[in-house]
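Subject: Structure handover and findings

Dear colleague,

Please find the structure below. My notes on it follow.

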Amino acid sequence: MVVVMQEGATDDQVQHVVQHLVEMGFDVHRSTGVRHTVLGAVGAKLDFDTRDIELLDGVREVIRISAPYKLASRTFRPEGTVVEVGGVRIGGDEVVVMAGPCSVESAEQMEAIAAHVKREGARILRGGAFKPRTSPYSFQGLGEPGLQLLREAADRHGLLAVSEVMDHTQISLLDRYVDILQVGARNMQNYNLLRELGKARKTVLLKRGMSSTMEELLLSAEYILAGGNYQVILCERGIRTFENYTRNTLDIAAIPVLKKLSHLPIVADPSHGTGRRDKVPPMARAAVAAGADGLLVEVHHDPEHALSDGAQSLFPDQFTQLMKELRIIAPAVGRRVG
Ligand code: PEP
Ligand code: MN
């Protein structure tokens, strides 16, 4: 249930409603919007009369949310969420570009890629240090030394850093090195991880599982929000379909659908979404045109020798060209690229 307070409701009135909801057995999450304060009441309680709340002073409206996710629902924050991290705003007018290699491999590699993507307007440097590989014989990532290299390259170039956290025991380690914790597609339903991330005070980039519905994605986001961590960014990275020409099918339609269902920002990952570097720029352009708040793009200075995902990593000059194109497309849909 969501309780929308009247414009200008006093803090005492809000507190009184919160107390009432707590007494009824709800967990209350408060969202202070530009005009209205909205209270999200979540919990297992089913039999209550909304009029009990409607009649309290300062209450404008009580809305029962029938979707199974509540805090992730657009009703909770109709104006949308801007996730602010280290001076970068995700979900505002800027389409935020996160770029970098699939895996952190070496200091030279990170320096070359960070310098290039920064020059072209990326804000966030990506690079996996713990890699969820389909085969146990594939490169598994450099671990903590990789996080160090990512952090150093990001700092040298004034970029933020994002890297994947594979399980809850890694949160405190990753927290020391990165600005955004990525939850990979394979872990979207790792509920222990999600619950622990709800307790963290760090931005989470939550990727859609490769066989997950949008509702399942939003329920996974709900785990993090219900823990009190509201810094969540969704990511469409392609789903598994009967088509196997591309590695996955990038579900562009998920962008406007999720925008409607949820207030959370959404970014698109056309690299994992297609698996082929020649298909990455067209899908990146399409994602921005469809309203994505950002892109996650794999870029490598020498993709032919990359230790993972080389085939889908852009050459530096392809990234340059893509950024030029995005600077034309973004204004057409009322956005800009940094
Ligand atoms: C990645 O970003 O490198 C990655 C492993 O992504 P996903 O979880 O979407 O496969
Ligand atoms: Mn990858």
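Where does His157 lie? His157 is in the loop between helix 4 (144–156) and strand 9 (160–164); helices (H or I, at least four residues) and strands (E, at least two) are DSSP runs, numbered from the N terminus.

Some conventions before the rest. This is a predicted model, in which local features need pLDDT of at least 70 and side-chain atom pairs count only at pLDDT 80 or more, while totals for chains, interfaces and linings use all residues. Residues are numbered from 1 along each chain as its sequence is written, chains are lettered from A and ligands numbered from 1 in the order in which they are written, and side-chain values use heavy atoms, with hydrogens and water left out.

His157 has a relative accessible area of 17% and is therefore buried (buried is under 20%, exposed over 50%, partly exposed in between, with a 1.4 Å probe and protein chains only). Neighbours within four places in sequence aside, His157 is in contact with Glu111, Ala114, Ala115 and Lys118, where contact means heavy atoms within 4.5 Å.

Distant parts of the chain are linked here: Cys102, in the loop between strand 7 (94–100) and helix 3 (107–119), and Glu298, in strand 14 (residues 294–298), are 196 residues apart. Cys102 and Glu298 are both buried, Cys102 at 3% relative accessibility.

Cysteines

How many disulfides does a search of the whole structure find? The search finds 0, a disulfide being a pair of cysteine sulfur atoms within 2.5 Å. For Cys235, the closest cysteine sulfur is that of Cys102, 13 Å away and so too far for a bond. Cys235 is buried, at a relative accessible area of 0%.

Helix packing

Helix 6 (residues 191–199) packs against helix 7 (residues 214–226) at an angle of about 40°, with the axes 6 Å apart. Axes are lines fitted to C-alpha atoms, for helices over the stretch in contact, and angles run from 0 to 180 degrees between N-to-C directions. Helix 6 is therefore oblique to helix 7 (under 35 degrees is roughly parallel, over 145 roughly antiparallel, 65 to 115 roughly perpendicular, and the rest oblique).

Regards
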